[in-house]
Amino acid sequence: MSTVSDPEPHTLAGVYALDALDDDLERRRFEDHLSRCADCAEEVRGLTETAARLGRAATVSPPPGLRDRVMAEIGQVRQSPPGVAPDRAARAAGRSRWWPRLATGFAAVGVAAALAMGALTLRAQERVAEIETVNREIAAVLAAPDARTVTGTAEQGVSGTVVVSRAQRRMVFASSGLAALPPERTYQLWQIRPGRIRSAGLVRPDDRGQVPPVVVGMVGGGQVGVTVEPAGGSEQPTTEPLLLLKLPGAS
Amino acid sequence: MEPRQRRAGSDEGRLGSVAPHDGHAGDESLAGLLQRVARGDRAAFERVYEQVAGPVFGLVLRVLRDRAQSEEVAQEVLVDVWRSAARYQSSRGTAMGWVMTIAHRRAVDRVRSAQAAVDREDRLARLEVHRPFDEVAESVETRLERERIRRCLDRLTELQRESVTSAYYDGYSYREVAELLQVPLATVKSRMRDGLIRMRDCLGVET
């Protein structure tokens with residue numbers, strides 16, 4: 001912890017506005033500082049408001065059942081009187097109140113059973129929607145202003161291409177020359193950074209050894225690797241990568 | 001109020017002069033509606049719901065990347081808005097800003113809870129979420145706002161942008177962001193602040 005005697009606590013204004021402090025203690029300490037620094041409080045207000053604008057840009061249509069559940073729940077919730085501490089107490093209370101949701105869950109199971117008959121067609125529709133979404137996502141990465149491409153070849157004619165958009169924190173991966181695998185094996189894609197290897201999903205080549213473009217999330221740089229793993233994939237790589245591509249670094 | 005916040009007369013760098021805040025749907029502002037909600041007015045709350053449910057759910061989904069969990073958390077947030085409406089003070093910011101702050105904190109709390117943090121690494125790599133920027137059904141206002149945000153984000157340095165978005169949209173703490181981007185903690189701190197200040201000025205946010 002380096003914040004105990006931070007010489008310039010106000011530099012945390014951005015971190016605070018983004019809710020990126022590490023814990024409640026750190027947060028309280030900064031709020032204590034805010035109460036003694038009017039300029040800082042003013043700045044934090046503006047930055048918090050700015051962060052909220054980022055939030056609004058993420059707007060999507062809420063799920064259809066949400067309104068009814070919320071309206072039903074507020075019928076049983078006592079409203080708080082005006083006070084200084086905004087949502088802290090409510091959050092603490094909210095954490096232990098998981099049981100009503102469990103009841104909702106059981107109700108949902110019943111509904112799910114009733115809907116099971118219609119589920120097949122629904123699934124097909126979802127599948128189509130999913131494919132469309134993935135295509136849009138691939139296109140978004142390829143068209144990103146900061147898109148950068150890395151291509152590499154390895155032994156036995158294996159080659160791969162990665163298009164990275166760091167702004168979108170996504171990359172598109174495609175590959176060719178991968179041999180067909182028995183059903184108990186799979187290819188797995190990894191993002192490899194120093195001290196941290198993360199699965200980026202399973203990839204399956206078609207009959208001609210081509211992996212059609214897939215889009216996966218990524219944070220930071222490092223390398224992208226492909227390994228052979230037991231079907232279902234592994235937590236961490238268990239074999240040597242067949243292909244390694246170095247991601248473009250942050251500038 | 002200090003000039004650096006007001007930016008009176010300095011429109012350079014701002015994109016668009018329309019700054020939608022409390023989205024006056026109908027004739028009553030969100031802030032006004034919240035006052036009525038604070039007195040237990042359910043009809044007013046329904047109208048609040050109409051204005052904030054999409055932004056709340058979208059933000060929570062963006063952070064959690066899991067629809068089922070996001071529905072739960074969004075429900076908690078919306079009920080919290082009902083419960084704490086009396087605590088909203090218009091002198092301290094816009095009503096939408098207040099609601100979004102509650103939503104973001106709850107989403108971050110959830111994502112940082114032990115198990116969720118493990119799952120998230122996986123979810124980041126999977127694709128079960130419709131990215132907000134790809135959502136089909138969106139209002140003109142939402143689309144314009146999104147466009148404005150995107151253009152302002154483009155004006156940040158890459159490190160500023162990654163610091164701000166990894167923290168806000170992915171719920172990483174600044175320590176985690178420092179690790180992810182492999183830069184010193186102090187750098188992340190200042191990039192988050194500088195980035196947000198640049199965003200604030202570009203968006204013309206007033207306090």
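A residue is called buried under 20% relative accessible area, exposed over 50%, and partly exposed in between (1.4 Å probe, protein chains only). By this criterion, 43% of the 251 residues in chain A are buried. The model is predicted, so local features need pLDDT of at least 70 and side-chain atom pairs count only at pLDDT 80 or more, whereas totals for chains, interfaces and linings use all residues. Residues are numbered from 1 along each chain as its sequence is written, chains are lettered from A in the order in which they are written, and side-chain values use heavy atoms, without hydrogens and water.

Chain A contains six helices and eight strands, taken as DSSP runs (H or I, at least four residues; E, at least two) numbered from the N terminus. Along the sequence their order is α-α-α-α-α-α-β-β-β-β-β-β-β-β.

Attention now turns to the interface. With contact defined as heavy atoms within 4.5 Å, 89 residues of chain A touch 103 residues of chain B. The size of an interface is often given as the accessible area lost when the parts come together. Here the two chains, A and B, bury about 9,200 Å² between them, with 52% of it on carbon and sulfur atoms; this area is summed over both parts (1.4 Å probe).

Ten salt bridges are found across the interface of chain A and chain B, each a side-chain nitrogen of Lys or Arg within 4 Å of a carboxyl oxygen of Asp or Glu. One salt bridge joins Glu43(A) to Arg193(B), whose closest N and O atoms are 2.6 Å apart. On the side of chain A that touches chain B, H3(A) gives the largest share, 15 residues.
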